[in-house]
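Subject: Structure handover

Hi,

Here is the structure I promised to pass on. Please open it first, then read the notes below.

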Amino acid sequence: TSTSVRIYRHQSSLTYTVTRAKMPPQAKAAAKAKASPLPQPSAQAQGGGNDHADDGDAGDEYDNMPVVVRVKPKDQILGLTDEQLNKEQPPRVLYPQNPRAPHNVTEFSFKEKVFKRDDQVDQTVFHFSMDGSILLKDSQEAINQEELRRAKEDERKKREAAEKVDVEIEEDPDPNSRDNDKRLLRNQFNFSDRASQTFNPSLRDRGVTTQPPPTTRVKGEATQFSIYDKYIEDILAQQAKEEKAKKHHAGEDEEGAHEGHPGEDKKPKKQDPFYSDQMKASLKLMERLVNQNAENEIYMDFTYFEDRADEFRENEGTLLPLWRFASEKSKRKQVTCIKWNPKYPDMFAVGFGSYDFLKQGNGVVCCFTLKNTRHPEYFFNTDSGVCALDWHSKYPNLCAVGLYDGTVLVFDVQAKNRKPIFQSTVRSNKHTDPVWEVRWSTDEVLSFYSVSSDGRVSNWQLMKNKLEPEEVMELKLVSTPGAGGAAEGESDETSLTGLAGGTCFDFHKFSEHLFLVGTEEGRIHKCSKAYSGQYLETYEGHTMAVYTVRWNPFHPRIFISASADWTVKIWDHMMKTPVMSFDLAQAVGDVAWGPYSSTVFAAITADGHVNVYDLHVNRHENVCHQRVVKKAKLTHVVFSSSYPILLVGDDRGGVNCCKLSPNLRKPADKKEGDSKTEAELQVDKMNHLLTMVTETVQPAQ
């Protein structure tokens, strides 16, 4: 029969309930006989049991009912009454809660930026934890581990069998052992023992006695004076060594300069091929190729691109930015002058200085080429800021430079050293103020002209070892006559006491003896090389300093000027008043005539714009107004006579190259059957313009 037992524990008694299934009478008797050894239950329990036993088969229904038997434990507290024993005690329930755990947790939410309450608290407490190492024998892990152990044991037995040495060693008989068996010696390390005995070396003592070396006593005193004298001697010796080395190098240079003279027996010097001229030329060619490959698209635009949009514009054009030329040596400097080389159309020189008179420093002359736009081909350092430069038309390797301190220099680009070959000094009567412009002479004698703020126009002739100056013109102050004779007296007095500061000049393209000079007072003087005592004519129209004055490259009577009064004026040198005037509403930095047409010129302003005018198309407004740089002031502009580009310099030390669209470089319209040349057509175009803006036009002289 199946029996289930439930045990209840009270304060002082133990009660168990036996539940049994229906069983036959024989099983009942056996069960009662088996339960007889238990302690005697109480009277009530015995009576209830006898009643049920006497019922016989009638009580079989209640065989499945639980039988309550009270057992008195041995450790029961005596002296308790039946009422106390039978009293039901409330059950004690254990709840899975940690009494030491907090009721809630408050945490800060970074998403909502507030403190939030969390009621879910972990009630689990681990008092002891240990990872077991016992595996179940029937598990797969235990089986794998047993196989691994057996494999290692088999491997060990095989290794021991292989290292076993078949050598029998007789040992001393042990009296305690029954038989002196011979045992095998196992060699676990696979080595053999060999022993031998050698003779001990005999030790011998040997001594040598020598005479002591001779000694000398030296005494001396070290003072501050003696230490100082030694230092001075050392410094003088180093200086003498350096001077000797310099003289040696200077002698080598002189020998190289005098090579080829008759009577000299010179041995050819071996030059390192890595530093040879051929290597330099090859490296320069390779650098240009790499640069052109890197900027292939820009070079393609420079060569082939033509803005087709000009066909749909009404006489308007644009500028296409190509390159920006700059160098590490030109940082924090301003572009003060730009000049194209007359022989090499891809090379131009840029002078770097400063127009801020309170921040003057060293200057740099950089020679750039369109074949290498990343680094200058040549550069020359100067002691003062560069203000002007010019190339010689016949000798394109000579470059004349004017500096801020009044010095004029002549550089030879082909020379190996970077020093000027000619330089003016105080002894040669150099200028005392900045040299604002220089210009080579077209005479056979090597000479150039310069104009400075000290009021002098000088001619510098290149002699054998020095520059020989010649004063061409003194710019005397000219006052405007007023109402009365006092003004004339004041004019005579100022002409004796001071000179007008020259800012720019330009020589006539057709009459070499004529030249124009712009002054700081706003006047333009027409002068001649043959008459140095007076002006041929004075043009008054500007109210402030004249920055630029340029003759027209086609028409012999027309010139243009740009001034600090924000205006650009076109003049006829046969008339005292300007023919045309343009107010650009910004500070004008420079102006230049276009080499393609007699009526095209470009002017730049301080706000970074380039204004291109074509007077044949529009006499009142520009045909192109485009910003070239941002946050920079434009200082100089120059056209290229070989390519349809112009160069614009700024005060950040950079030169911007832009390509002109077709509408900005239109040639003169030539009719069929007309035998006039291009120059004559350009002159006719300007004459037609003059007839429209002036009532009468005087004939050219």
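**Cysteines**

The sulfur of C367 lies 6.3 Å from the closest cysteine sulfur, that of C399, which is too far for a bond. A disulfide is a covalent bond between the sulfur atoms of two cysteines. The cut-off used here is 2.5 Å between the sulfur atoms. Keep in mind that this is a predicted model.

C657 is in no disulfide either. Its nearest cysteine sulfur belongs to C658, 6.6 Å away. The count for the structure is zero disulfides.

Are these two cysteines, C367 and C657, buried or exposed? C367 counts as buried, because its relative accessibility is 1% and the limit for buried is under 20%. C657 is buried too, with a relative accessible area of 1%.

**The whole protein**

The protein has 701 residues, and 35% of them count as buried. Its secondary structure comes to nine helices and 35 strands. Now take the contacts with a separation of 6 or more: 48% of them join residues 24 or more positions apart.

Find the open sheet of four strands, in the order β25-β26-β27-β28. The pairing is antiparallel. Strands of a sheet pair through backbone hydrogen bonds, either parallel or antiparallel.

Which strands stand at the edges? They are β25 (546-551) and β28 (578-583). Each has a single partner strand, so one side of each is left without a neighbour in the sheet. From one strand to the next, the twist averages 15°.

Look at β25 and its partner β26 (residues 558-563). Five bridges join these antiparallel strands. T548 stands opposite A562 in β26.

Helix α9 (residues 678-693) packs on this sheet. The helix touches β26 and β28. Its direction makes about 85° with that of β28.

**A loop residue**

Next, go to R619. This residue sits in the loop between β31 (609-614) and β32 (624-627). R619 counts as partly exposed, because its relative accessibility is 27%.

What does R619 touch, leaving out residues up to four places away in sequence? The answer is M580, F582, L689, M692 and V693. Take F582: it is 37 residues from R619 along the chain. The C-alpha atoms of R619 and F582 are separated by 9.7 Å.

Best wishes

Terms used:
Residues numbered from 1 in each chain as written. Predicted model: local features only at pLDDT ≥ 70, side-chain atom pairs only at ≥ 80, totals over all residues. Heavy atoms only, no water. Buried < 20%, exposed > 50% of the residue type's maximum accessible area, 1.4 Å probe, protein only. Helix = DSSP H or I, 4+ residues; strand = E, 2+ residues; numbered from the N terminus. Contact = heavy atoms within 4.5 Å. Pairing = 2+ DSSP bridges. Axes fitted to C-alpha atoms, helices over the stretch in contact; angles between N-to-C directions.
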